[in-house]
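Hello,

Here is the structure we talked about. My notes follow below it.

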Amino acid sequence: MRSFLLLLCTLFSATGPPADSLQRSSPGPEPIVGMLTRSYVDASRMNWSRSAPRPLRTALWYPVDGTNKRETIFGGTTEMFLPVAVAPGEPVSGKSRAYPLVVMSHGTGGSALMMMWLGTHLAANGYIVAAVNHHGNTAAEAAPAPQGFLLYWERAADLKVLIDAVLSDPVFGERVDRERIGAAGFSLGGYTVIAAAGGRFSQPTFDEFCQSPQRDFTCEPQNEFPEAPARFAALRETDPGVTESLRRSGQSYRDPRIKAVFAIAPALGSGFTPNGLRHVNVPVQIVAGEGDVIAPLATNARRYASLVPGARLTVLPGAVGHYVFLHECSLRGREALPICRDAPGVDRAAVHRTVREQALQFFDSMLKDTQ
């Protein structure tokens, strides 16, 4: 399955008709948005092979004026996911306007492009969106790294560096309103944005939970890289990067520039003590499916909602599962990929419409225009 994701998440095609696979909840097609990719790096941390600075390859979506320049993403020969039309490299709309920024974190083994269904919608409605591929934990790289799958807090550190990079970017730096920055994430990305808002993860608390009868699927080897725990166990004693990271596991990764957080089916809820979440002092909205068995409600979304001060939780009823929050799949994708198969009666496109409108309303209400 991972080979499919790697191919699809790195494939760009300029052929085929413009796509209208992402629709507004109101009539009419979604406006085309601009798209650029950046190869940011974190010079303060090494990559997992300790051969170069930590990479932060990032997809950016942003508002543009009317354009005839279009390319389709996910429009290649594999055709597992529905294509989306973007305007690559077009100028940011409105020469004198500063836009709010939303940084975005994907799920375990996923990629920035798997969150296009949300990122492009926010961009079409007046946001600059920066979605990072988390090193060692993304299908956008040639191979996963066990460190990337199990040293979770390194992802939260990515978001701080990502914000720094966007604010100094020659194209986007002057176009971002620095007082209006939010974060959105799915699954492990949901954990990531809550950690970046001040949540302090406790590895001992998570280990204790995973040894209890209440343990859930978040304790198990993940489908995207089932060999990760065994390989990580060997590295704990020999890899200086792992030793160094483990010493930082309980630190705060709060970035005070993040003013609002939207978490979709967040994972690792049982790795936080009540005290570890009480310092999250920005608005948090959580959405999850009632039928989620990958990050079950009771130990994840509901736990976050009960412990983060003022957090709001929306539960989508019925058989709505975890992977419904990934990009919409084609018929071929539904036939070939388990992550594309939702339970009978679940309409992924309808779920996406609901969630992206919730996200837009949330960020609009929390990141109000200060100009």
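Are Cys329 and Cys340 buried or exposed? Both are buried, meaning under 20% relative accessible area with a 1.4 Å probe and protein chains only as cover (exposed is over 50%, partly exposed in between).

First, the basis. This is a predicted model: local features need pLDDT of at least 70, side-chain atom pairs count only at pLDDT 80 or more, and totals for chains, interfaces and linings use all residues. Numbering runs from 1 along each chain as its sequence is written, and side-chain values use heavy atoms, with hydrogens and water left out.

Disulfides next. The whole structure holds two, a disulfide being a pair of cysteine sulfur atoms within 2.5 Å. One joins Cys329 to Cys340, S to S 2.1 Å. Cys329 sits in the loop between β11 (312-316) and α11 (331-336), and Cys340 in the loop between α11 and α12 (348-366), so the pair ties together parts 11 residues apart in sequence. Helices are DSSP runs of H or I with at least four residues, strands runs of E with at least two, numbered from the N terminus. The torsion about this S-S bond is -75 degrees, left-handed.

The other disulfide links Cys210 and Cys219, with sulfur atoms 2.0 Å apart. Its torsion is about -85 degrees, so this one is left-handed. Cys210 and Cys219 are both buried. The pattern is 1-2, 3-4, counting bonded cysteines along the chain.

Overall, the protein chain has 12 helices and 11 strands. Of its 371 residues, 60% count as buried. Its C-alpha atoms fill a box of roughly 55 × 45 × 45 Å along the principal axes.

Best wishes
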